Amino acid sequence: MLTDRASATLIVAGRRTGRTIAVAVAVAEVSGDDYLVSMLGETADWVRNVRAAHGRAVLVRHRQRRQVRLREVPVDERAPILQSYLDVAPGARPHLGVDRSEPLESFARIAGDFPVFLVCPDAE
């Protein structure tokens, strides 16, 4: 379950087939920037596809479709994003194994297990 304000669809080319694949995602906003988090960790297909596509994807949100470039956030910067993500994606709570009210240090401990991507406009 996602909050309406965070709900989006990520469209990315499949790493093996090249066919476009659409996935429901939650967008976490932190300090005015948008982020995508893989609640299933490194093994999520959309993460592998985004990496294979060098971050190029389409994000559909609030009926707006835009070309984006997803840039992976370094592990040491992920904690506050993961904490905010749990506010907009309550269904992710069991996957992360951390309560959203826990201190930032708890999120820092799990940050390496959950890829986080900054959503940027695709300039190319």
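Biologist: Which strands does helix H2 lie across, and at about what angle does H2 run to S2?
Modeller: In this predicted model, helix H2 takes in residues 79-88. The strands that H2 lies across are S2, S3 and S6, and with directions taken from N to C, H2 runs to S2 at about 105°.

Biologist: In which order do the strands of the closed barrel run?
Modeller: The barrel is closed and has 6 strands, paired in the antiparallel sense. Neighbouring strands of this sheet are turned against each other by 45° on average, direction ignored. The order is S1-S2-S3-S6-S5-S4.

Biologist: Which strands does helix H1 touch as it packs on the sheet?
Modeller: Helix H1, residues 45-52, has a direction that makes about 55° with that of S1. Counting heavy atoms within 4.5 Å as contact, the strands touched by H1 are S1, S2, S3, S5 and S6.

Biologist: Which residue in the turn between S1 and S2 has a positive phi?
Modeller: S1 and S2 run antiparallel and are joined by 7 bridges, with Ile-11 standing opposite Ala-22 in S2. The two strands form a hairpin with 6 residues between them. The residue in that turn with a positive phi, about 80°, is Gly-18.

Biologist: How many residues lie between S2 and S3 in their hairpin?
Modeller: S2 and S3 pair in the antiparallel sense over 4 bridges, and Ala-28 stands opposite Tyr-35 in S3. In the turn, Ser-31 has a positive phi of about 55°, and the number of residues between the strands is 2.

Biologist: What is the bridge partner of Leu-59 in S5?
Modeller: Strand S4, residues 56-61, pairs with strand S5, residues 64-72, in the antiparallel sense over 6 bridges. In S5, the partner of Leu-59 is Arg-66.

Definitions and conventions:
Residues are numbered from 1 along each chain as its sequence is written. This is a predicted model: local features need pLDDT of at least 70, side-chain atom pairs count only at pLDDT 80 or more; totals for chains, interfaces and linings use all residues. Side-chain values use heavy atoms; hydrogens and water are left out. Two strands pair if DSSP finds at least two bridges between them. Axes are lines fitted to C-alpha atoms, for helices over the stretch in contact, and angles run from 0 to 180 degrees between N-to-C directions.
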